[in-house]
Amino acid sequence: MKIENSRKDAFHAPEKAYEALPVLEREEAPLSPQDRLGAMAGPLLSWYDSHARSLPWRDSPNPYQVWISEIMLQQTRVEAVKPYFNRFMEELPDVNALAQAEDQRLLKLWEGLGYYNRARNLKKAAQIMVNDYQGCLPDSYEELLKLPGIGSYTAGAIASIAWDIPVPAVDGNVLRVISRVLASWDDILNQGVKRRMEASLKEIMPKDRPGIFNQALFEIGAMVCVPNGRPKCGECPLSSLCLGRKQGLLDSIPVKTPKKPRKVEERTVLLLLEGDRVAIEKRPDQGLLASLYQFPNVEGKLEEADVRALLTSWGAGISQVEPAGEAKHVFSHVEWHMTGYRVVLSGLPKESYLFVQKQELTEKYPIPNAFLAYRNVINGES
């Protein structure tokens, strides 16, 4: 199977050059939606050849790197992913290393990226690859779809970028771009809309450069037809095709079903210090932030007197209690509004907390971003 393994291959068009000329459309004979999509390929590929960003997983891609980067990029900005990707590759450079990784170390490498089930599914998929695919990613779109954590978008990205298989990869960026080009009022959160867009793009994507076509659509959505703020239509190679621009609909499209309001939970976080050590506890193996470590916390917003009473009921000796600030963390379905207290102990509580050295919070134990503000308090960074 062919793998695009050099920057030259990825960034330069074949001899048959694609022209980035405006697509002229007669008012009395407008393009059909499918013809409009088909007209995108030339300008899009030409633009990508000269504007694509240099990224560590793009410059010299192999299937494993494509897979890891695509999972990391879900719900996370490109610039934020770069250091995580480089560190992950240094420590877990291939499928076999990932399959054998200790869970705690894997979650520590993932710390800060959020959505920790993504990391757990990576390991599950890697173990399947070792057992069933000789330690390699399957070079089939259909087989990729069978692996944990891989849906149609990720399977399409891996298959097209790593093996030139002409299948689309439709994510939020692509849904936004195509909706604006077609001036579509379809709800992009509807799975039927996504499936129809995948089918339409599969018909028109160039068979000689499917991976580049998919990446070009990602890039347009990330850099030009941006998710927040005004799209940069003056820089867009698709502007002459874009019905959303022509009809002044860019503020209204894409259409998304409004999300249900998130539940708000008040929590009190306790930074329990005993000498140079701080108390942490492991969360349950199922549910929100499963198997990660956290600072002890309780439901509700407690005042200082309440904290003292609670710790006394736990049998703890208290030398000092002081506020550690307010913090908020937003999950997909719930918001935590947190109030923190820094507590210097003179006697340990009856609760079986794990007391660790402060530096171990950074080096060893995976602490979710929800508690980042309070880890910074412990480390003297706030």
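## Strand β1 and its partners

Leu270 stands opposite Tyr341 in β6. This pairing belongs to a predicted model. Strand β1 covers residues 263-274, and strand β6 covers residues 334-347. The two strands run parallel and share 11 bridges.

β1 also pairs with strand β4, residues 297-299. Here the sense is antiparallel, with 3 bridges. Val269 has Asn297 of β4 as its bridge partner.

## The β1–β2 hairpin

Strand β2 (residues 277-282) pairs with β1 through 2 bridges, in the antiparallel sense. Leu273 is bridged to Val278 in β2. Together, β1 and β2 make a hairpin, with 2 residues between them. Gly275 sits in the turn and has a positive phi of about 65 degrees.

## Helices α10 and α13

Two packed helices are described by the angle between their axes and the distance between the axes. Helix α10 spans residues 152-163, and helix α13 spans residues 210-223. They pack at about 130 degrees, with axes 7 Å apart. The two helices are therefore oblique to each other. The crossing of α10 past α13 is left-handed.

From α10, the contact uses Tyr153, Gly156, Ser160 and Ile161. From α13 come Pro210, Gly211, Asn214, Gln215 and Phe218. Of these contact residues, 4 are nonpolar, 5 are polar and none are charged.

## Ala99 in helix α6

Is Ala99 buried or exposed? Ala99 counts as buried, because its relative accessibility is 11%. This residue lies in helix α6, residues 95-99. Leaving aside neighbours within four places in sequence, Ala99 contacts Lys123, Ala126, Gln127 and Val130. Gly135 is 36 residues from Ala99 in sequence, and their C-alpha atoms are 9.0 Å apart.

How values were computed. Residues numbered from 1 in each chain as written. Predicted model: local features only at pLDDT ≥ 70, side-chain atom pairs only at ≥ 80, totals over all residues. Heavy atoms only, no water. Axes fitted to C-alpha atoms, helices over the stretch in contact; angles between N-to-C directions. Helix = DSSP H or I, 4+ residues; strand = E, 2+ residues; numbered from the N terminus. Parallel < 35°, antiparallel > 145°, perpendicular 65-115°, else oblique. Left-handed = near helix turned anticlockwise from the far one by under 90°. Contact = heavy atoms within 4.5 Å. Nonpolar A, V, L, I, M, F, W, Y, C, P; charged D, E, K, R; others polar. Buried < 20%, exposed > 50% of the residue type's maximum accessible area, 1.4 Å probe, protein only. Pairing = 2+ DSSP bridges.
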